[in-house]
Amino acid sequence: MDASRLPFPIRRLAGSDADQYRALRLEGLRSHPEAFGASLEDEEARPLPWFVDRIERNVVFGAGSPAAPALMGVVGFLVPETAKMRHKGVLWGMFVRPDARGTGLATALVVRVLEHAAQVVEEVRLTVVTSNTAAVRLYTRAGFEQYGLERRALKVGGRYYDELLMAVTVGRSAQVR
Ligand SMILES: CC(C)(COP(=O)(O)OP(=O)(O)OC[C@H]1O[C@@H](n2cnc3c(N)ncnc32)[C@H](O)[C@@H]1OP(=O)(O)O)[C@@H](O)C(=O)NCCC(=O)NCCS
C-alpha cells in the first residue's frame with residue numbers, strides 16, 4: 001500500500017511540533033501503560049526541549065485527518081548508531097487517538113515508516129505485548145512476522161506482560177495484506 005494514496009496527511013515531525021507530540025505521547029502513556037516500554041512518570045517530568053531533541057534525533061511521523069489537522073497519531077523510527085546494528089531499524093511509540101482508530105490511520109503510519117526504512121535499513125523490528133491484539137493485527141497486516149517471545153518483558157503495576165518480537169524485511173516497497 002502506498003501511504004501517499006491514503007486519506008491521511010502524514011508528515012515527518014519537526015522540533016516545532018514538540019508541544020503537540022508531547023501531548024499525544026503522554027496521552028498514550030497515560031491511557032495504555034502496558035503498551036509501551038516507557039512510563040508516564042518518567043516522560044511527564046521531561047521538559048519540552050527533551051521532546052524536541054527526541055524528534056530531531058529520531059524520525060517521528062505524525063498524522064492528522066482530513067477533518068482535523070491536529071495530530072491524531074504518531075509513530076517513531078530509530079536506527080542504532082553502532083555500525084554492527086545499523087542494518088536494522090526499530091519502530092517504536094505507535095499511538096493513535098481512540099477517535100481515529102479503525103480508520104486505517106495506524107496502517108498508514110506503519111506504511112510510512114516502512115517506506116522510509118526501506119531507504120536506510122534492511123529490516124525493521126518492534127516489540128508488542130502479546131495481548132495487544134489491535135497492534136499485533138496491525139503489524140501482521142503490514143508484513144511483520146514473529147521471530148521471538150520475551151516472557152515478562154514489562155512489569156506494570158505488579159503485573160507482568162510478555163512481548164512478541166516482530167520483524168519485517170524492507171528494501172522493497174511495503175506491502176499491506
Ligand atoms: C495499536 C493501534 C495503533 C491500532 O490502531 P487501529 O485503529 O486498530 O489500526 P488501523 O488504523 O490500521 O485500523 C485497522 C482497522 O480499521 C479497519 N479499517 C477501516 N478503514 C480502513 C482503511 N482505510 N485502511 C485500513 N484499515 C481500515 C481495518 O479493517 C482494521 O480493522 P480490524 O483491526 O478489525 O481488522 C491503536 O489501537 C492504539 O493506538 N493503541 C494504543 C497504543 C498501542 O497499543 N500502541 C502499540 C504499541 S506496540
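Trainee: Are α4 and α5 parallel, perpendicular or oblique to each other?
Mentor: In this predicted model, the axes of α4 (residues 105-120) and α5 (residues 133-141) come within 10 Å. They cross at roughly 50°. Angles of 65 to 115 degrees would count as roughly perpendicular, and those under 35 as roughly parallel. The two helices are therefore oblique.

Trainee: Is the crossing of α4 and α5 left-handed or right-handed?
Mentor: Take the residues that meet there. Ala106, Thr107 and Val110 come from α4, and Leu138, Tyr139 and Arg141 from α5. They divide into one charged, one polar and four nonpolar. The crossing itself is right-handed.

Trainee: Which strands stand at the edges of the sheet?
Mentor: The sheet is open and has seven strands, with mixed pairing. Its order is β1-β2-β3-β4-β5-β7-β6. An edge strand has a single partner, so one side of it is left without a neighbour in the sheet. The edge strands are β1 (10-12) and β6 (145-156).

Trainee: Which residue in β2 does Ile10 stand opposite?
Mentor: Strands β1 and β2 (residues 59-63) pair over three bridges. Their sense is antiparallel. Opposite Ile10 stands Ala63.

Trainee: What angle does the direction of α5 make with that of β5?
Mentor: Start with α1 (residues 18-31), which lies across β1, β2, β3 (73-78) and β4 (88-96). Helix α1 runs at about 80° to β4. Helix α5 also packs on the sheet, touching β4, β5 (123-129) and β7 (159-169). With β5, the direction of α5 makes about 160°.

Key:
Residues numbered from 1 in each chain as written. Predicted model: local features only at pLDDT ≥ 70, side-chain atom pairs only at ≥ 80, totals over all residues. Heavy atoms only, no water. Axes fitted to C-alpha atoms, helices over the stretch in contact; angles between N-to-C directions. Helix = DSSP H or I, 4+ residues; strand = E, 2+ residues; numbered from the N terminus. Parallel < 35°, antiparallel > 145°, perpendicular 65-115°, else oblique. Left-handed = near helix turned anticlockwise from the far one by under 90°. Contact = heavy atoms within 4.5 Å. Nonpolar A, V, L, I, M, F, W, Y, C, P; charged D, E, K, R; others polar. Pairing = 2+ DSSP bridges.
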